[in-house]
Amino acid sequence: MSVTSEQVETRVVETLASFGPDASQIRRTATFEELDIDSLDLVELAQVVEDEYGVVLKGEDMKELKTVGDAIDLIVERADS
Amino acid sequence: MTSAPDRRRVVVTGIGAVTPLGAGATLLHNRWAAGDVGIADGAGRCRDFDPKDHLSVKEARRLDRFAQLAVVAAGEAIAEAGWDGEPPYDPLRVGCVIASGIGGQATLEAQLDVMRERGAKMVSPLGIPMYMPNAAAAAVAMRYALRGQSYGVVSACASGAHAIGSALRMIQYGDADAVVCGGAESTMTDFSFACFNSMQALSPTGISRPFDLRRDGFVMGEGAGMLVLEDAEAAVARGATILGEVAGYGSTTDAHHLTAPEPTGGPASRAIELAIRDAGAEASQIDYINAHGTSTPLNDAAETRALKLALGADAKRIPISSTKSSIGHLLGAAGAVEAVATIRTLITGVIAPTLGYEVPDPELDLDYVPGEARPLITGNGHPPLAISNSFAFGGHNVSLALRGAPR
């Protein structure tokens, strides 16, 4: 399944915004720490991603992610492979 | 010679409540005393409570409704205590004991639906931290940086009163200088109604009228009640306004039946006696009783017998009213909400009535304060002394002795 980076970005931003941070703050360069997105939020994000794109993100994958852009790139990469 | 151990006195410096009558401890007592009933369609829902009015998106979505109610009631109590942003003591010496009879029932049910409909992998990681019964204690401790002992207490409809008793002992023993304590409950789901209905515990008429001949079961409600308790000396030293005192605590168990009260009222009466003795008082000094008064045929009869056993001739003199006549039965929150209402009774000197009580039961012959509110009369010129009872499925009995602040 092929998805564009823009599609993933839209979905990721929408999902993260539903967790609390203001949508305007959620840019590719924003860190999860800045956005107060913690490990529980990232598990929820992974569930949305798996449901939507069939991409399975494990705990060790998530640990490496620092920014919103990192997450988007990883999802796009996995979806393409 | 050894004397009795010096026990620290424990005072109330803040109270808070969210109930079917609205948000606020003062509102709860004022509206109850005015005769308002928060029950609609056979349930005591906090209809006007919208978490968005009180909590951030992040906080709200991570808390089941019972914990949302707890956090808001605790916020009111802590604000009244004048804790400006942080506790006025070493945070490691400030505890948090918050009860719930059931925990996050709606969250549990919602996640069970997710599992059945979408598979186990889609169950939320927030499921457990939201439905665990200690979630309210955790949320309040985290929000207000309370770093002493914190935990949940579970004893069905006695939970809230047990939490206050545990907090009292924690301060008396010297393990904490202050404790935020209380109870919270929200189990207003179809499943919970079905379960209570199949026990025939709920009122088929949807009317809460404790001690009335026509009483036919309790009306389930939701809400939270919270108190800030502090070591009396420390509270006075920091210039806190003293609202009242948790003067005594007594607790026993029926060991009789899973749900029915022990019919003689014996074990429950012992809880009342223990609370009075713990307060260093006698039955003749009790000015008011906030009854458990659920409006079930069995409870109200057994409680009446327990009061007579514990209080002797004074049982007939002391006004007795049930908060549940106004808001229904808040289960694990009930004991705490009713302690809050009792503190307001002691502050205002106004005893709210048992609403809906019109047809006396010949078996139940005490003064249940029918009709309208009346003044609290203290015979001896001392600060008023009240008892608040909580009895639970499981046979758990708790009685609290609450004393008004010296005037």
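Helices and strands are DSSP runs (H or I over at least four residues for helices, E over at least two for strands), numbered from the N terminus. The structure is a predicted model, in which local features need pLDDT of at least 70 and side-chain atom pairs count only at pLDDT 80 or more, whereas totals for chains, interfaces and linings use all residues. Residues are numbered from 1 along each chain as its sequence is written, with chains lettered from A and ligands numbered from 1 in the order in which they are written.

Chain A contains four helices and zero strands, in the order α-α-α-α from the N terminus. Its radius of gyration, taken over C-alpha atoms, is 11 Å, close to the 12 Å that the globule rule (2.2 Å times the number of residues to the power 0.38) gives for 81 residues, so chain A is as compact as a globular protein of that length. Along the principal axes, the C-alpha atoms of chain A fill a box of roughly 30 × 25 × 20 Å. A residue is termed buried if 20 or more other C-beta atoms lie within 10 Å of its own, exposed if 12 or fewer, and partly exposed in between, with C-beta atoms placed from the backbone. By this criterion 28% of the 81 residues of chain A are buried. Two residues are in contact if their C-beta atoms, placed from the backbone, lie within 7 Å. Of the contacts in chain A with a separation of 6 or more, 59% are between residues 24 or more positions apart.

Helix α2 of chain A (residues 39-53) has 15 residues and reaches 20 Å from its first C-alpha to its last, close to the expected 21 Å; the expected span is 1.5 Å times one less than the number of residues. Its buried residues are A:D41, A:L42, A:L45, A:A46 and A:V49. They cover an arc of only 140° around the axis, which puts them on the same side of α2(A); the arc is that of the directions from the helix axis to the C-beta atoms. The cover over these buried residues includes α1 (5-18), α3 (59-63) and α4 (68-80) of chain A. After α2(A) comes A:G54, with a positive phi near 70°. In the loop between α1 and α2 of chain A lies A:D36, a residue other than glycine whose phi is also positive, near 60°. A:D36 counts as partly exposed, with 13 C-beta neighbours inside 10 Å.

For chain B, the domain assignment (bounds from an automatic or database source) gives domain 1 (10-237) and domain 2 (249-404). The centres of the two domains, taken over C-alpha atoms, are separated by 21 Å. In total, 63 residues of domain 1 of chain B are in contact with 56 residues of domain 2 of chain B. On the side of domain 1 that touches domain 2, at least two residues each are supplied by β1 (10-19), α1 (25-33), α7, β5 (178-185) and β6 of chain B. The most is given by α7(B), with eight residues.

Twelve of its 15 residues are buried, so α7(B) is largely enclosed by the rest of the structure. Among them are B:S159, B:H162, B:I164 and B:Q172. The helix is followed by B:G174, with a positive phi near 95°.

A nonpolar core is a set of buried Ala, Val, Leu, Ile, Met, Phe, Trp, Tyr and Cys residues joined through C-beta atoms within 7 Å. The largest has 119 residues, and those with the most contacts inside it are B:A70, B:V140, B:V179, B:V180, B:L227 and B:L229. Helix α3 of chain B (residues 65-81) gives the most to this core, with eleven residues. Domain 1 and domain 2 of chain B both give residues to this core, so it lies between them. Apart from it lies another core, of 20 residues, among them A:F19, A:I26, A:F32 and A:L45.

Two loop residues of chain B are also buried. B:M220, in the loop between α8 (190-198) and β6 (223-231), has 25 other C-beta atoms within 10 Å. Its contacts beyond four places in sequence include B:A43, B:F193 and B:H329. B:L331, in the loop between α12 (324-327) and α13 (334-348), has 31 other C-beta atoms within 10 Å and a positive phi near 50°.
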